[in-house]
Every structure is written in structure tokens, then in C-alpha cells.
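Subject: Structure handover

Hi,

Here is the structure we talked about. Please open it alongside this note. My findings follow below.

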Amino acid sequence: MVPTLNHIVKILIITQIIFQMQIKPIIGGSTQLMDSKVHISNGLGPGQPPVRLRCQSKSDDLGTRILQRGQTMNWGFTVNFWGTTLYFCHFYWKDKQISFNVFRAKDEKDTSKLETFWDVREDGFYHRRNNEDWVRKHGWDQ
């Protein structure tokens with residue numbers, strides 16, 4: 001059977017749709033779409049200077065931001081096909097600075113519509129996913 005031009009076009013369209021959907025690789029027996037968001041909030045107390053941060057991935061530099069008390073920076077993205085998406089941020093506050101990963105796809109379980117939250121506080125960085133409880137992950141001296 002010789003494929004017709006119509007058949008070839010359909011195969012190409014389906015292939016393109018699959019790649020555009022950015023399907024997360026099979027981990028733990030399931031494949032899910034990942035539409036993820038990261039939120040970083042300034043939870044420093046009253047009278048504290050703002051926090052400055054710069055966040056980026058290998059291919060996406062989000063630039064430097066200054067967050068006043070109560071302000072939030074957030075962005076959304078789709079995990080790449082290989083499940084290697086990683087975002088990291090460098091934080092500056094007073095005379096302190098620290099850099100760490102704020103999202104690493106390989107560390108996440110199979111969760112679609114994942115939202116990860118970071119809260120910057122005087123004693124460090126608190127993290128939670130979706131509706132979980134806050135957990136202190138980093139101090140300013142780590």
C-alpha cells in the first residue's frame with residue numbers, strides 16, 4: 001500500500017501536535033502534560049529592605065526583579081519533552097545572597113497543573129507545592 005499525500009500530511013500534523021504538547025516522559029507508569037507555574041513572594045517583615053532576585057533556565061532569562069514586602073513574581077511554562085526543565089534563582093537581601101533551583105522537573109512527581117511556591121523570609125526560604133504545607137528548604141547562609 002502506497003501512502004497518499006493526504007495520509008502523509010495527517011501523520012506530519014499529528015507528529016507536530018505531539019511535540020508541541022510537550023508531553024512529560026513516562027515516569028512511574030504514566031504520561032501527563034505539565035503546565036507548571038512558579039510563584040516567589042517576599043514574606044519579609046515590616047521595615048525590611050526589598051529582596052532582589054534573578055531567575056532563569058537554560059533558555060529563558062526572566063531578568064532581575066525587586067520585590068517589595070508582599071509582592072510576588074510568577075511565571076508559567078510547560079516542561080520540555082525530555083523532562084529536564086530547570087529554573088534557578090539568585091537572591092540578594094541586605095548583605096546576603098544565595099542561589100538554588102526553584103523548579104527541577106526531575107524532582108517532581110507525576111502532577112499535571114503543578115504550582116510551586118516560594119516565600120522569602122528573614123530566616124530563609126519556605127516552599128510548598130499546590131496546597132501542601134510550607135516547609136523551610138534553605139537558610140540565607142546555605
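Read along the sequence, the pattern is α-β-β-β-β-β-β-β-β-β. That gives one helix and nine strands. Both are DSSP runs, numbered from the N terminus: helices are H or I with at least four residues, strands are E with at least two.

Some ground rules. This is a predicted model, where local features need pLDDT of at least 70, side-chain atom pairs count only at pLDDT 80 or more, and totals for chains, interfaces and linings use all residues. Residues are numbered from 1 along each chain as its sequence is written, and side-chain values use heavy atoms, with hydrogens and water left out.

The chain overall

The chain has 142 residues, and 33% of them are buried. Buried means under 20% relative accessible area, exposed means over 50%, and partly exposed is in between (1.4 Å probe, protein chains only). The chain exposes about 9000 Å², with 53% of that supplied by carbon and sulfur atoms. These areas come from the Shrake-Rupley method with a 1.4 Å probe; for residues, only the protein chains shown count as cover. Of the contacts with a separation of 6 or more, 51% join residues 24 or more positions apart. Contact means heavy atoms within 4.5 Å.

Angles run from 0 to 180 degrees between N-to-C directions, on axes fitted to C-alpha atoms. Two strands pair if DSSP finds at least two bridges between them. Strand β1 (residues 35-42) and β4 are antiparallel, with seven bridges.

Look at S36, in strand β1. Its bridge partner in β4 is F77. S36 is buried, at 2% relative accessible area. Beyond its neighbours within four places in sequence, S36 is in contact with W75, G76, F77, V79, F103 and L114.

The four-strand sheet

The other open sheet has the order β3-β2-β5-β6, with antiparallel pairing. Here the edge strands are β3 (61-67) and β6 (96-104), each pairing on one side only. The twist averages 15° from one strand to the next. Strand β2 (residues 51-56) runs antiparallel to β3, joined by five bridges. R52 stands opposite I66 in β3.

The largest pocket

The largest pocket holds about 210 Å³ of space. A pocket is an open set of points on a 1 Å grid over the protein atoms alone, where a 1.4 Å probe fits, with protein on both sides within 12 Å along at least five of seven lines; lining residues have an atom within 4 Å of a point. The volume is the space filled by probe spheres set on the points. Its lining includes S57, K58, D60, F77, T78 and Y87. β4 and β5 (86-93) each supply at least two lining residues. β5 gives the most, with three.

Two positive phi values

K94 has phi near 55°, positive in a residue other than glycine. K94 is in the loop between β5 and β6 and counts as exposed, at 54% relative accessibility. N130 has phi near 45°, again positive in a residue other than glycine. N130 is in the loop between β8 (124-129) and β9. N130 is partly exposed, at 27%.

Best wishes
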